[in-house]
Amino acid sequence: MQTLQQTHMQHPTMHDPRWQQVLARDVQADGTFFYSVKTTGVYCRPSCGARQARPENVAFHTSCAAAEAAGFRPCKRCKPDQLPLADTAAKVAMACRLIETAETSPSLAQLADHVGVSHFHFHRLFKSVTGLTPKAYASAHRAQRMRQQLGTRMKISDAIYEAGYGSSSRFYESAIQTLGMQPAQYVNGGKQAQIRFALAQCSLGAVLVASSAKGVCAIAIGDDPEPLLHDLQDRFPAAELIGGDADFESLVAMVIAFIEAPKLGLNLPLDVQGTVFQQRVWQALREIPCGSTVTYSELASRIGLPKAVRAVASACAANSLAVAIPCHRVIRQDGSLSGYRWGVARKQALLAKESTD
């Protein structure tokens with residue numbers, strides 16, 4: 001009568017070289033094949049740290065699709081249907097480079113094929129790393145290039161082509177959202193553009209709120225109102241600055257109410273202008289809950305770039321929308337407060353309000 005060990009030894013799985021890789025939890029074998037366990041109904045990577053299965057219960061598959069077609073679901077421990085973090089970041093970086101260098105924006109299918117990822121998973125993977133969808137990333141990159149080209153006083157028609165827009169009509173449809181004003185106005189430093197603003201006081205000092213045709217483009221806090229207004233004039237030297245009317249004053253009141261009682265929330269249309277990287281950081285900042293803080297390194301990890309701590313700090317410093325984009329919720333690794341565009345004392349006060357409100 002055969003023993004159980006003898007039965008195991010005679011099973012074909014025992015003589016398959018892939019079985020030895022499973023026993024060794026060989027990381028190098030990951031991606032070359034997958035194995036399923038019929039008693040659990042799951043399939044795994046060769047390196048999975050789950051309890052060793054009996055060879056007679058194991059089957060091998062060439063792909064995730066093949067394993068799932070056989071009726072198995074992905075293991076929740078090793079997540080075989082997802083790319084390892086390093087591979088994910090590398091493939092998303094490849095996709096970003098393609099978006100940035102292509103004459104016209106690649107389709108989702110073209111991007112997925114380019115990096116060798118299924119169309120279904122690519123969209124999710126891209127957003128998990130960049131914080132943006134591929135379409136939003138492409139739009140942000142085109143907008144960045146457009147601002148750079150117009151900043152050199154290039155002809156608008158030439159800038160549209162250089163920035164990668166398929167046609168001038170597509171650009172003009174979104175010109176206000178892209179630039180905050182008409183292209184000709186942007187080239188001339190905001191000439192003929194109207195920016196409404198108002199100054200007020202709150203417990204943190206003077207507050208300036210300004211809005212373009214697209215949305216709120218500046219929220220600044222300082223000791224005195226005059227320097228805040230000068231900074232706004234420097235940003236748009238040729239724009240027409242108009243004192244806010246009664247409706248605009250109500251918007252300012254919403255900002256002040258949020259400063260004094262942060263848990264009320266603030267939902268305003270924003271005119272966010274920055275590089276693709278800055279927008280990724282600012283979007284991640286807006287996802288930090290009121291009353292919570294993160295470190296600069298944690299914020300860098302959230303956008304999929306754990307080594308870009310200094311660049312993340314620079315993006316926080318470049319934020320021109322105080323409290324609406326809550327860069328005050330980022331602290332140092334040791335828990336202390338670092339520099340803040342509107343003063344460390346105000347950063348401390350804002351965090352205190354959020355923790356006690």
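In what order do the four strands of the open sheet with mixed pairing that includes β7 stand? The order is β7-β6-β5-β8. The model is predicted, so local features are taken at pLDDT of at least 70 and side-chain atom pairs only at pLDDT 80 or more, while totals for chains, interfaces and linings use all residues. Residues are numbered from 1 along each chain as its sequence is written, and side-chain values use heavy atoms, with hydrogens and water left out.

**View 1. Overview of the protein.** The protein has 17 helices and 10 strands. Helices (H or I, at least four residues) and strands (E, at least two) are DSSP runs, numbered from the N terminus. Of the 357 residues, 45% are buried. Buried means under 20% relative accessible area, exposed over 50%, and partly exposed in between, with a 1.4 Å probe and protein chains only. Among contacts between residues at least 6 apart in sequence, 56% join residues at least 24 apart; a contact means heavy atoms within 4.5 Å.

**View 2. The open sheet β7-β6-β5-β8**. The edge strands are β7 (216–222) and β8 (240–243), each of which pairs on one side only. Two strands pair if DSSP finds at least two bridges between them. Neighbouring strands of this sheet are turned by 25° against each other on average, direction ignored. Strands β5 (residues 194–202) and β6 (residues 205–211) are joined by seven bridges in the antiparallel sense. Within this pair, L199 has L208 in β6 as its bridge partner. Helix α13 (residues 246–260) packs on the sheet and touches β5, β6 and β7. The direction of α13 makes about 45° with that of β5. Axes are lines fitted to C-alpha atoms, for helices over the stretch in contact, and angles run from 0 to 180 degrees between N-to-C directions.

**View 3. The open sheet β3-β1-β2-β4**. This sheet has four strands and mixed pairing. Strands β3 and β4 stand at its edges with a single partner strand each, so one side of each is left without a neighbour in the sheet. Strand β1 (residues 34–37) pairs with β3 (residues 58–61) in the antiparallel sense over four bridges. Three bridges join β1 to β2 (residues 42–44), and this pair also runs antiparallel.

View 4. S36 has a bridge partner in each of two strands, A59 in β3 and Y43 in β2. F34 stands opposite H61 in β3. The hairpin of β1 and β2 has four residues between the strands, and G41 there takes a positive phi near 75°.

View 5. Most residues other than glycine have a negative phi, and most peptide bonds are trans. K79 has a positive phi near 45° and is found in the loop between β4 (73–74) and α4 (85–101). With a relative accessible area of 42%, K79 is partly exposed. V323 has a positive phi of about 65° and lies in the loop between α16 and β10 (330–331). V323 is buried, with a relative accessible area of 3%.

**View 6. Crossing of helices α14 and α16.** Two packed helices are described by the angle between their axes and the distance between the axes. The axes of α14 (residues 276–286) and α16 (residues 309–317) come within 9 Å and cross at roughly 80°. The two helices are therefore roughly perpendicular to each other. Angles under 35 degrees count as roughly parallel, over 145 as roughly antiparallel, 65 to 115 as roughly perpendicular and the rest as oblique. On the α14 side the contact holds F277, Q278, V281, W282 and L285, which meet A311, V312, A315 and C316 in α16. These residues divide into eight nonpolar, one polar and no charged. Ala, Val, Leu, Ile, Met, Phe, Trp, Tyr, Cys and Pro count as nonpolar, Asp, Glu, Lys and Arg as charged, and the others, Gly among them, as polar.

**View 7. Cysteines without a disulfide.** A search of the whole structure finds zero disulfides, a disulfide being a pair of cysteine sulfur atoms within 2.5 Å. For C48, the closest cysteine sulfur is that of C78 at 3.7 Å, too far for a bond. C48 is buried at 3% relative accessibility, whereas C290 is partly exposed at 31%.
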